[in-house]
Amino acid sequence: EGAVALAEGLMGNESLTSLHLSEESGITDVGWAAFSKLLCDPSSINSTYHSNHIIKKIGENTPLDIRQHLKLNANPHPAIHKILKSHTDLDMEPFFQWK
């Protein structure tokens with residue numbers, strides 16, 4: 001599928017911030033899943049960290065998970081936000097010094 005190839009081709013992208021995919025583009029659930037993984041790969045913390053944090057807009061009528069990832073990309077330090085949201089089992093207590 002073309003959307004899968006496009007999403008895979010955007011891995012490592014550091015400059016493209018916006019795509020315009022129209023409703024008529026015919027992207028299937030498989031294609032949207034590839035874009036979701038591009039924006040936030042939850043397979044490991046390292047994969048999430050190396051996901052795309054540059055793209056801010058893909059088009060109209062994108063699935064909810066993609067809209068949420070794009071919204072996180074608009075924040076400062078999107079990788080941190082994505083890691084915390086995607087890896088809820090991460091023990092954060094060692095990062096805080098309780099007194």
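Predicted model: local features only at pLDDT ≥ 70, side-chain atom pairs only at ≥ 80, totals over all residues.
## Packing of H4 and H5

Helices H4 and H5 pack with their axes 8 Å apart and at an angle of about 140°, which makes H4 oblique to H5.

Sorted by class, the contact of H4 with H5 has 2 nonpolar, 3 polar and 2 charged residues.

## The two sides of H4

Helix H4 spans residues 64-73, and its buried residues are Ile66, His69, Leu70, Leu72 and Asn73. Because these residues cover an arc of only 155° around the axis, they lie on the same side of H4. An α-helix has 3.6 residues a turn, so residues three or four places apart point the same way. On the other side of H4, Leu64 and Lys71 are exposed.

The cover over the buried residues of H4 includes helix H2 (29-39), E2 and helix H5 (78-86).

## Buried residues of H2

In helix H2, the buried residues are Gly31, Trp32, Ala34, Phe35, Ser36, Leu38 and Leu39. What the buried residues of H2 pack against is helix H1 (2-9), strand E1 (18-21), E2, H4 and H5.

## Asn52 in its loop

Asn52 is found in the loop between helix H3 (45-49) and strand E2 (57-59). With a relative accessible area of 4%, Asn52 counts as buried, because the cut-off for that class is under 20%. A polar atom of the Asn52 side chain lies 2.8 Å from the backbone nitrogen of Ile55.

Leaving aside residues up to four places away in sequence, Asn52 touches Leu10, Asn13, Leu38, Leu39, Asn73 and Lys82.

## Ala74 between H4 and H5

Ala74 has its place in the loop between H4 and H5. Its relative accessibility is 54%, so Ala74 counts as exposed, the cut-off for that class being over 50%. The C-alpha atom of Ala74 is separated by 9.6 Å from that of Lys57, and the two residues are 17 residues apart along the chain.

Terms used: Residues numbered from 1 in each chain as written. Heavy atoms only, no water. Helix = DSSP H or I, 4+ residues; strand = E, 2+ residues; numbered from the N terminus. Buried < 20%, exposed > 50% of the residue type's maximum accessible area, 1.4 Å probe, protein only. Polar contact = N/O pair within 3.5 Å; in protein donor to acceptor, adjacent residues only side chain to side chain. Contact = heavy atoms within 4.5 Å. Arc of directions from axis to C-beta. Axes fitted to C-alpha atoms, helices over the stretch in contact; angles between N-to-C directions. Parallel < 35°, antiparallel > 145°, perpendicular 65-115°, else oblique. Nonpolar A, V, L, I, M, F, W, Y, C, P; charged D, E, K, R; others polar.
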